[in-house]
Amino acid sequence: MTTGDHAEGSLHEAVGAYALGILDDAEATAFEAHLAGCPACAAELDALAGMEPMLATLREFPGPAAQPMRPAPPDMSTTLINEVAAQRARRRRRTTYLVAAAAALIVGGPAVAVVATSSSTGTHQSAEAHPTSPAEDAFFNHMSQKVSATDPKTRVTATVGTEAKAWGTHTVLELKNVKGPLKCSLIAVGKNGDQETVTSWAVPNWGYGIKDSPHESAKYPLYVHGGTAMPRDRIDHFEVRTFDGKALVDVPA
């Protein structure tokens, strides 16, 4: 069978799908062009025209295993059901392809946003975008009290903002001039000597708040927030420490 004969045969078999209205626009247009010159398909379509109730039911048939319905002849109803199943299978395959393509775009798209090219070296570095985080928003817009300090040895600068709450103290830390890799904590130290961990974080190799850094993300300070059960008036100071106990900077409350 030639390619043309195969295409013509496929159009002959599309009568049931056309009657059910499950062809897409391109398929329906091709079938209508074929129908204009095919008396056999026109006659079969006329025979189906008075069977709307049955066709409405056939739309819900799961596939070839469904039982034929009267008053259509058994061979015609079976052909219709098989055609519906075939069309549905083709549509499922097309849908699977489109979903896969969309997923590829979703996964691939953000990668463009997080990779930046260094103008000085020509190499690629990972660079995070710098939207305003909830912690940064709280630091600039909701902290009623802020205190800063710079350690003379480590040169790390920290600003701690505090906000009194019924449950204790909401706290936001701005951290600058710190290089990693490090794992750190912000500790609230009470006037009675009690200590509570407010929050913890990791510092990547390139660090935070380093103005002359070649890494774009390292130029921005770190903003993290957390809370302590201590009332604000009972906190003596805050300490920024590494997980192994090294003090980076102390900030008075």
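These are my notebook entries on what I looked up in this predicted model.

**Ground rules**

I number residues from 1 along each chain as its sequence is written, and my side-chain values use heavy atoms, with hydrogens and water left out. Since the model is predicted, local features need pLDDT of at least 70 and side-chain atom pairs count only at pLDDT 80 or more, while totals for chains, interfaces and linings use all residues.

**Entry 1: the whole chain**

I began with the secondary structure and found seven helices and ten strands. Helices (H or I, at least four residues) and strands (E, at least two) are DSSP runs, numbered from the N terminus. Of the 253 residues, 36% count as buried. Buried means under 20% relative accessible area, exposed over 50%, and partly exposed in between (1.4 Å probe, protein chains only).

I then looked up the accessible surface, which comes to about 14,900 Å²; carbon and sulfur atoms hold 57% of that. These areas come from the Shrake-Rupley method with a 1.4 Å probe, and for residues only the protein chains shown count as cover. Among contacts (heavy atoms within 4.5 Å) with a separation of 6 or more, 54% are between residues 24 or more positions apart.

**Entry 2: helix α3**

Which residues of α3 (residues 25–35) are buried? I noted Ala28, Phe31, His34 and Leu35. They cover an arc of only 125° around the axis, so they sit on the same side of α3. The arc is taken from the directions from the helix axis to the C-beta atoms. On the face turned away from the buried side I found the exposed residues Asp25, Ala26, Thr29 and Ala33.

**Entry 3: helix α7**

In α7 (residues 134–141) I listed Ala135, Glu136, Ala138 and Phe139 as buried. Down the axis, the buried residues of α7 fall within an arc of 160°, so they line one face of the helix. Pro134 and Asn141 are exposed on the face turned away from that buried side. What do the buried residues of α7 pack against? I found β3 (145–150), β4 (157–165), β5 (168–176) and β8 (222–228).

**Entry 4: strand β8**

I followed β8 next and saw that five of its seven residues are buried. Seven bridges join β5 to β8, and the two run antiparallel; strands pair if DSSP finds at least two bridges between them. As one example, I noted that Thr171 has Gly226 in β8 as its bridge partner.

**Entry 5: the cores**

A nonpolar core is a set of buried Ala, Val, Leu, Ile, Met, Phe, Trp, Tyr and Cys residues joined through side-chain atoms within 4.5 Å. The largest one here has 23 residues, and Leu173, Leu175, Trp201 and Val240 have the most contacts inside it. The elements giving two or more residues to this core are β4, β5, β6 (182–190), β7 (195–203), β8, β9 (235–242) and β10 (247–252). I also found a second, separate core of eleven residues, including Ile22, Leu23, Ala28 and Cys41.

Leaving out residues up to four places away in sequence, Val240 touches several others, among them Ala158, Leu173, Leu175 and Trp201.

**Entry 6: cysteines and a glycine**

How many disulfides are there? With a disulfide taken as a pair of cysteine sulfur atoms within 2.5 Å, I counted zero. Cys38 is buried at a relative accessible area of 9%, and Cys184 is buried at 0%.

Last, I looked up Gly16, which lies in α2 (residues 15–20) and is buried at 5% relative accessibility. Gly16 and Leu45 are 29 residues apart in sequence and 7.8 Å apart in space, C-alpha to C-alpha.
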